[in-house]
Amino acid sequence: MKLSGKFEFLGAIENQSTKEGSRSYYVISLLQDLDLTKVYVDNDTYQKVKDIPKMTQIDVDLDINVTKDRTYISLIDLI
């Protein structure tokens, strides 16, 4: 299911995985009204968005996939 909307950009972080040694993973945080959404992204996307000022309003397209055990949210596009 595709979701398009306006979100407030809260920031992007790089973390080190404890399970896989020194492998990095990247997370961006988005806010819409009172709903906080964390989306895991690749390094290229992280490099593009890491310097966006916090609380900047951005247009985002997300792909939401609900399974029996989890909900996966993937970033399609960020404007």
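Predicted model: local features only at pLDDT ≥ 70, side-chain atom pairs only at ≥ 80, totals over all residues.
**Entry 1**

Is Asp33 buried or exposed? I noted a relative accessibility of 72%; the cut-off for exposed is over 50%, so Asp33 counts as exposed.

I then looked for a positive phi elsewhere and recorded Met55, which has a value of about 70° and is not a glycine either. Met55 lies in the loop between α1 and β4. Its relative accessible area is 48%, so Met55 is listed as partly exposed.

**Entry 1: The chain as a whole**

I next placed these loops in the overall layout. The chain has five strands and one helix, and along the sequence they follow the pattern β-β-β-α-β-β. I recorded a box of roughly 35 × 35 × 20 Å for the C-alpha atoms, taken along the principal axes. Of the 79 residues in the chain, 27% are buried.

I also asked what share of the contacts with a separation of 6 or more joins residues 24 or more positions apart. The share is 42%.

I turned to Gln32, which lies in strand β2. Gln32 has a relative accessible area of 29%, and is therefore partly exposed. Which residues does Gln32 touch, not counting those up to four places away in sequence? I found Gly5, Lys6 and Phe7. For Gly5 I also noted the spacing: Gln32 and Gly5 are 27 residues apart along the chain, and their C-alpha atoms are separated by 8.4 Å.

Gly11 is found in strand β1. With a relative accessible area of 12%, Gly11 is buried, because the limit for buried is under 20%. Leaving aside neighbours within four places in sequence, I listed its contacts as Val27, Ile28 and Ser29. I also checked Gly11 against Thr45: the two are 34 residues apart in sequence and 12 Å apart in space, C-alpha to C-alpha.

Thr37 lies in strand β3. I recorded its relative accessibility as 15%, so Thr37 counts as buried. Not counting residues up to four places away in sequence, Thr37 touches Ile28, Ser29, Leu30 and Ile73.

For Val41 I made the corresponding list. Leaving aside neighbours within four places in sequence, Val41 is in contact with Tyr26, Ile28, Tyr46 and Leu75.

I then looked up the largest nonpolar core, which has 13 residues. Among those with the most contacts inside this core are Ile28, Leu30 and Val41; Phe9, Ala12, Val39 and Val60 also belong to that group. Which elements give two or more residues to this core? They are β1 (2-16), β2, β3, α1 (43-49) and β4 (56-66).

**Entry 2: Tyr25 and Tyr40**

I searched for aromatic pairs and found two in the structure. In one of them, the rings of Tyr25 and Tyr40 have their centres 5.9 Å apart and their planes at 40°. I recorded this pair as tilted, because an angle under 30 degrees would count as stacked and one over 60 as edge-to-face.

Where in the chain do Tyr25 and Tyr40 lie? Tyr25 is in strand β2 (residues 24-32) and Tyr40 is in strand β3 (residues 35-41). The two are 15 residues apart, and the pair links distant parts of the chain. I noted that Tyr25 is partly exposed, with a relative accessible area of 31%, whereas Tyr40 is exposed, at 56%.

**Entry 3: The largest pocket**

Tyr40 came up again when I examined the largest pocket, whose lining includes this residue. The space in the largest pocket is about 220 Å³. With Tyr40, the lining consists of Lys38, Val39, Arg70, Thr71, Tyr72, Ile73 and Ser74.

I sorted the lining by element. β3 and β5 (71-78) each supply at least two residues, and the largest share, four residues, comes from β5. By class, I recorded four nonpolar, two polar and two charged residues in this lining.

Note on methods: Residues numbered from 1 in each chain as written. Heavy atoms only, no water. Phe/Tyr/Trp six-rings, centres within 6.5 Å; stacked < 30°, edge-to-face > 60°. Buried < 20%, exposed > 50% of the residue type's maximum accessible area, 1.4 Å probe, protein only. 1 Å grid on protein atoms, 1.4 Å probe; cavity = no way out; pocket = protein on both sides within 12 Å on 5 of 7 lines; lining within 4 Å. Points joined across faces, edges and corners; volume = space filled by probe spheres on them. Nonpolar A, V, L, I, M, F, W, Y, C, P; charged D, E, K, R; others polar. Contact = heavy atoms within 4.5 Å. Core = buried A, V, L, I, M, F, W, Y, C linked by side-chain atoms within 4.5 Å.
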